[in-house]
Each structure stands twice: as structure tokens, then as C-alpha cells.
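Have the sequence and the 3D view at hand.

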Amino acid sequence: MMKVIALAGNPNVGKTTIFNALTGLRQHVGNWPGVTVEKKEGVFEHKGQKFLVVDLPGTYSLTTHSIDELVARDFLLKGSADVVVNVVDATALMRNLFLTMEILEMGLKNVIIALNKIDLAEKRGIQINVKRMEEILGVPVVPLNAREGIGIDELKDKIVQMTRGEIKTSPIIPRYDPEVEREIRHIEDALKGTELARDYNLRWLAVKLLQRDDGVIKLVLRHLGSEKLDEIMRHIGEVEERYRRAMDLIIASQKYEFIDGLMHRFVKYTHEQGETLSDQLDRFLTHPVYGLLALFGVFYLLFKFVFALGLPLQEELDVVFSSFGEWLAPQIANETLRGLVVDGIIAGVGSVLSFFPLVFLLFLALSILEDVGYMARAAVVMERIMRKFGLPGKSFIPLVLAFGCNVPAVMATRTLDDERDRIITMLVNPLIPCSARLSVISFLAGAFFASHQALVALSIYATAVLLALLVAWLLSRFVVRGEESPFIIELPEYLIPSWKTVALHSWERSKEFIKKAGTIILLGSVVIWYLSSYPVQMGTGGSYAERLGALFEPYMKLMGLDWKAAVSLLFGIIAKENVISTYGIIYGSEEAIAGAMTPLQAYVLGMVTTLYVPCIATIGAIRAESNWKWAAFTVVYMIGLASLVGILIWNVGTALGY
Amino acid sequence: MLEKVLKLLEGGKGIDEIARELRVPKEEVVGAMEVLADLGYLERVESGDSCAACPLKSVCPGSCFRFKGRVYQPVDFRLGGGKGTFKP
């Protein structure tokens, strides 16, 4: 019969590399019984003996708070493994040895420590005396560099020796304060006469009971009865009162201290853990002031890159669509059909589709920034600012997601437990400019601001974000008050992006833009064309579009805009890109649009488009995640805010002579 | 160290600052945070599955931001009646 080898360890310590090095291609992937946790098994043969290797889920401890931990713990507890190979990362010994102590505390004697990344530890000045470590921990320690395959044969040898009973171990067991030890002994004594003594290590049961482990409480209750268990739990409560802390934290903390004490005996740091280049970069990029300046700089360059490369391509595409329309028009005899296809669909959808290069380049630049690791740094800067404006810490992720699309961002507010926090985040969310609004901003910036497109786009984005923060501050102060909570972000490593992944991701995102142009924008274009062509052609003042726009014109004039802006904004509620397609249908070409508005009017339109009513999908998402009342409130306050900003910019701009 | 890390996190300190203050590598601070998260003193904030799980995927531009960092938040906890029922 094959001997079973269990691989246990923290996540990302090289467990899978060791598993692959041991088993090669002889692997099988399935699920652990009853749960959807992946179970990897493989077979290897060494010195004439066959072994079944089971890769346990990566965990940091063996509590039962996650299904992964439960699976790993149950497997070890049942004694299912003939040898437990505990993979330990030599560059982060303390946290890895925490799991080691949890394993040894179970009373397991068949443990081998695979000390992986030993080469990396040496490079970082961490010198581990392996022999001493072995003596102190009381189990074999095999140094490894699994990526290079160094140490794998020694590990196999040790496994064989252990299964043959050629290695005698005396594992160290963590010790705690005298008071905790007294409690452990007290519980051990209470459990001694029960059947549990046969199947479990009583010290481990006692420690887990002290930690109020749900599984162990149930187990002990079955064997000890509720009266005895209540007495033990009461006792634990008294100890906690004396410590003024919960027992699980006391035990975990003392275990850490115990490990620290052990490590002093076999680990030496030969040089100071100096600041790496990555640390220095982080210090600059996440600095409250320099980080913010860097954020503006990076996004300015991003827009510059998008416009510099994208606008010439956009103009080319615009010419292609116009020429196609001109070529197609004489081919269609029916006047109505010609109007629908050429003036409606090609003019509307074409004007939106011509922005594909800009959208693709934006996603390409964002993908690069994400993969390099910059976006997480930018998020740290933003989170700090958001917190200052009274936004709850957890709302940061939904707000960051909103830069992509407001709908999933609204849905992501589900992660917020507090109802008030959820509402604030949901209400502020649509103010963050999504990528759909970027095409409108690009359209206006490209058509009206020949040399400062990037600055114009950046200013609209920055104003929108600033207003979102101000609204959040007002809401958290006067409408839905909440408490500020600290938030910790673990930054990913800086990486050179894989161009294949970046290109693939940019395309995945951009192709949705094309899909949207072929569905909702197409439908919108048909409706806009109909409204502008019936009952009479536009230009007479009698078309439905003109009549509709005329209703809002007096209000729009306060912002220096006309009925056409009113109609385009109305259709923009369905999808923001409809603002472009409406202008495309009304004016027919980009040159005509450029001649119809002043740069100030275009800037006001860009700002109002960014700030007014969210798209219909976002309104629906807010309603679904809260109720109609909050959805209606969002629409009303955003119209009010957009109008206020539009009127202000228009009046200040005209007063300044723009 | 575990309790020191928790205290510093609750005080709003970042991973780098804690590593400097306790004179340990950043990896050890992150490890301590993971243990604290396992014990229920820190919450791992899920960033969601963004677009993949969105029912409106077919009509939206599919441009969700990929957030790559890991986010934690200290859990409001009091002895004798804190966050979870498993706590004292």
C-alpha cells in the first residue's frame, strides 16, 4: 500500500513547486469530499517505494474560520498522512513557523520541515543554522531551492527514512504564560477520563477550547456534557477578564513570542534589512503630497498618450465612416431607408465607433499601469484622501471600480456591512467618471481643444472626483453619519507587464465597447434619427427632437447650451455615448460640430455630461441595491449639482472673456 | 508581536511603517495580519469579481478596474460582546 505524504504550508511558499517536483506529471486534481476546495494528488517513487502526495490547501493557521483551514486541519487530525511535509518560506520564518507550531501542537511526530527559498533568504542576509533549527524544533529540516530543484532528492530521502521509522523525532511544543498553562492543565484533567483521550492530543484540545474553537466546543460537549463544558467556559471567561483580551488573541500572541524566542537561537540577520528600490518607490508614490502629484502626472501622461496616438486614428476612422455613408447613400433608392441607414445608423454609430482607438489605448495604458503595480499605489493615495472626506474605508474599492463602470461598482457596495456606509458610497459612486464618459470627454476635448486635450480631460476628471469627495463629506456629516475606520492595503510587487496579457486584457475590455455600439448605441441612433426626421425634417423647428429640446432650452441657456445639448443629454441617460451619437446625427460631421460650439460651451457640456444623471443601468443598480427613494435622490441631486457647476463655469468663463 | 501589529493597524499605521517600527520584514507583518484575519480580528475586504459577475456585462463597456492589492480592515471588537457569536 502506498504511503501518504501531506504537503502543508502557508499560501505562496512554493508548495505547488515542491508538489510538481515530487510528482512530475503523475497528478490528479479533484475536490475534497463535500466541499469545493481543490484537492491535488500525485504519485512518486523513490528507492523502490511508492508514495501518494496530497497537497493540502495553503493556510496561515489551523483555526476553523475558513473551509481551507478546516480541510487541512481535519486531514492532519485524522492521521491520514504517514508523513507531513511542512513547507516553510525561509524569507518569512516567523509567520511560517506559526503554522508549524499549530501542526506540532496537534501532537504529530511524523513532520519534516521543507525550508524553501533558502537561496533568497541568504541573499537578503537571513542566515539560518539548519542543524540548530533541527535540534530546537525536534524534527528534520531540509533546506530547499525548489525552483531550481535543489534539495528535492534530500527531501525524498528523508520521507523514505521517516516512513521506514529510521528517524526519531521529538517535536517542540509551544509553551505559554503560567496562567494559560494552568488553564490548559485544568482542561486536560477534565478531559482525561473521556474517550477523547484515545483519539486526540489532549493538550491540543485544551488549547483549542481555550481559543473557543467551534468544532472543538461541539466535540467536547458531546463527551463532557453541557454542565462541565459551561464550567470550563466560565473559567476561560474569567481568565480573559483578567487579561482584558480574548483568549484566542492571547494564545496566538504568546505563540508568536515563543517562536520569536526560538528564532533567536538559529537565525541571524547578517545585514540590516535595508530599503529596496521598491520600498523607495513606494515611499514616493504613496506619499500624501508627492503621491498625489505623481498621480496627476501619471494621469496627465496617460491622457497625453491616448490623445497623441488615438486622435489621428480617430480622425481617420471618422473619414472612413463618412466616406462609407457618402458611397452608400446613392445605392439606397428608398429615401426613408437611406435616411435611417446613412443619417441615423452610420452617422450615429459611426461617430461613436470612431472613438474606438482612444478607448483601446486608454484600456491599454490602464492595463499596463495595473500590471506594473502602479494602480494599487494610486489607490493608496486616493484611499487616504477619501478617508479624510469621511468616506468609510471599505467604500474605497467600489469607488475605484467606478472608474471602469458604475454598475458593478454600485453592486460592489454589498461588501459594506453598514447600511449607512453603503448608501453614502452608492450615492457618490455615479459622480466618478466611468469609461463611457471618457469617450464623451475625449470627443469634446479632441474636437474643441486642439493643443490641451489631456489637460482638459484631466481637469474634468479631477473636478468630478473632487465633487464626489465633497458630496461624500456633506452626506457623512449631515445625512448619514458613520465612524471612520482604518484601512490597510497590501501592495503587490512591481512587475514588468506581460505584453500578451496586457494586449489580451485591453482587447477584452475594448470589444465590449464595440458590442455596445452594435446594440444600445445602434438602437439609440435609430430613435434619435426618427425624432429628428419626423413629423418634419429637422431645421424647421417642428421635429420631435426640436420640440423636445425646446422644452429644456431656457434651462440649458443658463449654462450657455442649446436644445441640441438638451436632446443629447436626454439620450445620454440611456448610455453616455449617445451624447456623441446624437451630435453626430444632428450635425452630420465632426467639423460641423466643432463649428457649432465655442470651447467654453464644449467644456461646460463635458462637465455636465460627466456629472448629471447616471446612466439608466446605474440608476437600476442603485434601485436594486437600495430602493427607489435613493435612486430618485441620486438623480435629483446629480442634476442639481451638474446644473450648478455648469452655470458656474459658463458665467465665470464668459466673465473672463472665454 | 501579533498584538503590537493589531494595535498599530488600529491606529491607522501602514504595513511599511509597522515593519520599520517593529524592525521586521514586511512579509512578517503581512503574515501576522493573515493570522489576525484568520482569528477574526482583521477582515479581508473582498474586491468583488467586478465585470465577470455583473448581470449587465452585455450592455456595459466591460472596463472594470482590476485592483491587485489585498485590503484589510480591523474588526470592531470588544471583550464580552464583540463582532461574532464565537467571541466571548
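## A proline in a loop

Where does A:Pro535 lie? A:Pro535 sits in the loop of chain A between α23 (499–533) and α24 (544–557); helices (H or I, at least four residues) and strands (E, at least two) are DSSP runs, numbered from the N terminus. The peptide bond leading from A:Tyr534 into A:Pro535 is cis, with omega near -10 degrees.

Before going on, note that this is a predicted model, where local features need pLDDT of at least 70 and side-chain atom pairs count only at pLDDT 80 or more, while totals for chains, interfaces and linings use all residues. Residues are numbered from 1 along each chain as its sequence is written, chains are lettered from A and ligands numbered from 1 in the order in which they are written, and side-chain values use heavy atoms, leaving out hydrogens and water.

## A lysine with positive phi

Another loop of chain A, between β3 (38–46) and β4 (49–55), holds A:Lys47. Phi of A:Lys47 is near 50 degrees, a positive value in a residue that isn't glycine.

Now look at α20 (residues 419–428) and α30 (residues 628–655) of chain A: their axes come within 10 Å and cross at roughly 40 degrees. Axes here are lines fitted to C-alpha atoms, for helices over the stretch in contact, and angles run from 0 to 180 degrees between N-to-C directions. α20(A) and α30(A) are therefore oblique to each other (under 35 degrees is roughly parallel, over 145 roughly antiparallel, 65 to 115 roughly perpendicular, and the rest oblique).

Who meets whom? From α20(A) come A:Ile423, A:Leu427 and A:Val428, and they meet A:Trp630, A:Phe633, A:Thr634 and A:Tyr637 of α30(A), contact being heavy atoms within 4.5 Å. The residues of this contact split into 6 nonpolar, 1 polar and no charged (Ala, Val, Leu, Ile, Met, Phe, Trp, Tyr, Cys and Pro count as nonpolar, Asp, Glu, Lys and Arg as charged, and the others, Gly among them, as polar).
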